[in-house]
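Visitor: Could you show me how to read ring pairs and helices in a protein model? I would like the general idea and then the case at hand.

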Amino acid sequence: MKNTRNRGTVIAGAALILVGLFFLIGQFAPQYFGEQYWWPWSIVGVGVIFLVMTLLSRVGGLAMPGTILTGTGLMLYWQNLTGHWYSWAYTWTLIIGLVGLGLILGALEDVRMQRALPAGLVLSIV
C-alpha cells in the first residue's frame with residue numbers, strides 16, 4: 001500500500017515539474033511558446049504525462065496514447081507555426097507509425113506486452 005502511494009506522488013510531482021518547465025521555457029522563448037501556440041503544446045503535454053506514467057508505473061499500455069498524443073501535438077504545433085495546414089492531408093498517416101512506436105515502448109517497459117513488439121516494429125517501418 002505504501003509503495004502505491006509513493007508512486008502516485010512521484011507521478012503527480014513529475015507532471016507538475018513538466019508543467020512548470022513548460023511555463024519557464026515560455027518565458028524565454030515566447031515566439032515559439034506564446035499564447036497562440038498553447039493549444040498544440042497542451043496536447044503534447046498530456047502525451048508526455050502518459051509517457052512519464054508509463055515509465056514510473058511500468059504499465060506498457062499507457063505508452064500508446066502517450067506517443068499518439070505527443071506526436072499529434074508536435075505535428076499540430078509545426079502546422080500552427082508554419083501555417084502549412086494543408087499538410088494534414090498526408091501527415092495524419094504518421095499516426096500509424098506513432099501507434100507502432102507506442103507498441104515498441106510498451107513492450108520494452110512491460111513484460112506482459114512482449115508479444116506486441118513485432119507488431120510495433122512492422123507498424124513503425126510501414
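This is a predicted model: local features need pLDDT of at least 70, side-chain atom pairs count only at pLDDT 80 or more; totals for chains, interfaces and linings use all residues.

Visitor: How many aromatic pairs does the structure hold?

Guide: There are two. Planes under 30 degrees apart count as stacked. Trp39 and Trp85 are a stacked pair, with 15° between the planes and 6.1 Å centre to centre.

Visitor: Where in the chain do Trp39 and Trp85 sit?

Guide: Trp39 belongs to helix α3 (residues 38-57), while Trp85 lies in the loop between α4 (63-82) and α5 (88-91). The two are 46 residues apart, so the pair links distant parts of the chain. Trp39 is partly exposed, at a relative accessible area of 36%, and Trp85 is partly exposed at 41%.

Visitor: And what is the geometry of the pair Trp41 and Tyr77?

Guide: That pair is tilted, with 50° between the planes and 4.7 Å centre to centre. Trp41 in helix α3 and Tyr77 in helix α4 are 36 residues apart, another link between distant parts of the chain.

Visitor: Are Trp41 and Tyr77 buried or exposed?

Guide: Both are buried. Buried here means under 20% relative accessible area.

Visitor: Now the helix. What span should helix α6 have?

Guide: Count 1.5 Å a residue: the 16 residues of α6 (residues 94-109) should span 22 Å. The end C-alpha atoms of α6 are 23 Å apart, which agrees.

Visitor: Which residues of α6 are buried?

Guide: They are Leu98, Gly100, Gly102, Leu103, Ile104, Gly106, Ala107 and Glu109. What covers them includes α3, α4 and α7 (117-125).

Conventions
Residues are numbered from 1 along each chain as its sequence is written. Side-chain values use heavy atoms; hydrogens and water are left out. Rings of Phe, Tyr and Trp (its six-membered ring) pair if their centres lie within 6.5 Å; planes under 30 degrees apart count as stacked, over 60 as edge-to-face and the rest as tilted. Helices (H or I, at least four residues) and strands (E, at least two) are DSSP runs, numbered from the N terminus. Buried means under 20% relative accessible area, exposed over 50%, partly exposed in between (1.4 Å probe, protein chains only). The expected span of a helix is 1.5 Å times one less than its number of residues. Contact means heavy atoms within 4.5 Å.
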